[in-house]
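Here is a short report on one protein model. Look at the sequence and the fold, then read on.

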Amino acid sequence: MNPGGIDAGRVPVPEISPESTAARGMTSPDSSTGSIVPPIHLSSTFARDERYDARNPYTYARDGGPTAREAEDILRTLEHAEATLLFTSGMSALAAVLEALPMGAHVVIPDRMYHGGLAWSRRLARLGRIRADCFHPGERGSFLDVLRSGETRLLWIETPANPECWITDIEAASRAAKMAGALLLVDSTTAPPPTTRALNLGANIVFHSGTKYLNGHSDVTAGVLSFREAGGICEEIESVRKFHGTALPGFEAWLLMRGLRTLFVRFARISESALAIATALERHPLVDRVLYPGLPSHPGHGIAARQMTGGFGGMLSIVIRGNAAQARDVARRCRLFVPATSLGGTESLIEHRKSIEGEDSPVPDGLLRLSVGLETAAELIEDLNRALSLATEA
């Protein structure tokens, strides 16, 4: 008997949404035990079978292991990618990209971006390993001035850019890169899959510091590269990872999957709170500027609203009406905001960027970068108001 006349064999299986994929934190229950939490594989080496063939693709942990592969499969699904590679840090992932390029390759990078990536790119340029030209992400389309048709191998953008929240149009950058014959890499650390899927907007490679929103608990250092196509540059980068020994180990990969389970709900809550804080501070008499793409006053708000469809994230910066010393005083007088580096965790952080990047940094002296966590927005606003008042009175 077939209730309702439905042929169960012909009922289509609906696709699982990205939200549900992340919430499950696995591709399927463990086949040997039925565990709904993925097991952690910590072995450094893997036995061959009776024919002396490798079991699955695993032979040695330097090449990657089963737990990392599980995490890569989840992230590949979230990004709509053909392949994803996990690294021991964001810097090791970015370094692998640059090393995979031919000697002397021309790359185009923003002059405002994650300072570690910028410093490494400039070092390689000084050594003659690459040739690099910079553009200012605050000037729309400025990458067009430094792209070299038939010569540029990589256009690298970061959006929103850390820490000044400049917005770059990913689709426009993709068109420009394609016309020049270059690959487009998008650092989407501050705009994870709940809000932006850069590959769908034309990127060839999307990068994340997995330490930030993807993990979300400030207890993992990881880097993620996802690729629109599995061959070509992806294979070159995987070879670099193998010989550098920078594949993400099992325990860190398991923690990353643990964090992914709450990624969508965390990002929604954090984005809501960050917008409330940015709106409140925009009217504060001691704040000169609030840099947050969710504010209609932000110069990149229109583009951000088009490509950040799930919220504007928890990173924002404020420039106070004062000098560097007063800005540091604001950071140290906060009670809920912790003065520390990083972003994307459950706890709120505050950081004086100039002190981190050094005196040659172009970041304004009075800039404070905030990473909004899961504390209540009202308490965080009160904390900042109090710290601003105390710092400027001193």
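Predicted model: local features only at pLDDT ≥ 70, side-chain atom pairs only at ≥ 80, totals over all residues.

The buried residues in α7 are Gly250, Ala253, Leu255, Leu256, Met257, Gly259 and Leu260.

**Helices side by side**

Start with α2 and α7. Helix α2 covers residues 66-79 and helix α7 covers residues 250-260. Their axes lie 8 Å apart, at an angle of about 35 degrees. The crossing of α2 past α7 is left-handed. On the α2 side, the contact is made by Thr67, Ala68, Glu70, Ala71, Ile74, Leu75 and Leu78. On the α7 side, Gly250, Ala253, Trp254, Leu256, Met257 and Leu260 take part. By class, this contact has 10 nonpolar, 2 polar and 1 charged residues.

Now take α3 and α4. Helix α3 runs over residues 90-100, and its axis comes within 10 Å of the axis of α4. The two cross at roughly 30 degrees. This crossing is right-handed. Met91, Leu94, Ala95 and Leu98 of α3 meet Gly116, Gly117, Trp120, Ser121 and Leu124 of α4. The contact of α3 with α4 has 6 nonpolar, 3 polar and no charged residues.

**Nonpolar cores**

In soluble globular proteins, nonpolar side chains tend to be buried together. How many residues does the largest nonpolar core have here? It has 61 residues. Val290, Leu316 and Ile350 have the most contacts inside this core. Helix α8 gives the most to the core, with 8 residues.

Look closely at Ile350. Leaving aside neighbours within four places in sequence, Ile350 is in contact with Val330, Ala331, Cys334, Phe337, Val338, Pro339 and Ala340, among others. Its contacts also include Leu368, Arg369, Leu370 and Leu384.

**Salt bridges**

Side chains of opposite charge can pair when their charged atoms come close. The structure holds 22 salt bridges.

| Salt bridge | N to O distance |
|---|---|
| Glu50 and Arg51 | 3.8 Å |
| Glu164 and Arg112 | 3.0 Å |
| Arg241 and Glu238 | 4.0 Å |

Glu164 and Arg112 form a salt bridge. The pair links distant parts of the chain, 52 residues apart. Glu164 sits in the loop between β4 (152-158) and α5 (170-180). Arg112 sits in the loop between β2 (105-110) and α4 (115-126).

Glu50 and Arg51 meet through their side chains. Glu50 has a relative accessible area of 70%, so it is exposed. Arg51 is exposed too, because its relative accessible area is 59%.

Arg241 pairs with Glu238. These residues are 3 apart in helix α6 (residues 233-244), so about one helical turn separates them. Arg241 counts as buried because its relative accessibility is 3%. Glu238 is partly exposed, with a relative accessible area of 34%. Elsewhere, salt bridges that share partners join Asp49, Glu50, Arg51 and Asp53 into one network.

Where is Gln307? Gln307 is in helix α9 (residues 301-307). Its relative accessibility is 7%, so Gln307 counts as buried. Not counting residues up to four places away in sequence, Gln307 touches Thr159, Ile167, Thr168, Asp169, Ile170, Thr195, Thr196 and Leu201.

Tyr58 lies in the loop between α1 and α2. Why does Tyr58 count as buried? Its relative accessibility is 12%, and buried means under 20%. With residues up to four places away left out, Tyr58 touches Phe46, Gly64, Gly65, Pro66 and Arg69. Tyr58 and Leu260 are 202 residues apart along the chain. Their C-alpha atoms are separated by 24 Å.

Key: Residues numbered from 1 in each chain as written. Heavy atoms only, no water. Buried < 20%, exposed > 50% of the residue type's maximum accessible area, 1.4 Å probe, protein only. Helix = DSSP H or I, 4+ residues; strand = E, 2+ residues; numbered from the N terminus. Axes fitted to C-alpha atoms, helices over the stretch in contact; angles between N-to-C directions. Left-handed = near helix turned anticlockwise from the far one by under 90°. Contact = heavy atoms within 4.5 Å. Nonpolar A, V, L, I, M, F, W, Y, C, P; charged D, E, K, R; others polar. Core = buried A, V, L, I, M, F, W, Y, C linked by side-chain atoms within 4.5 Å.
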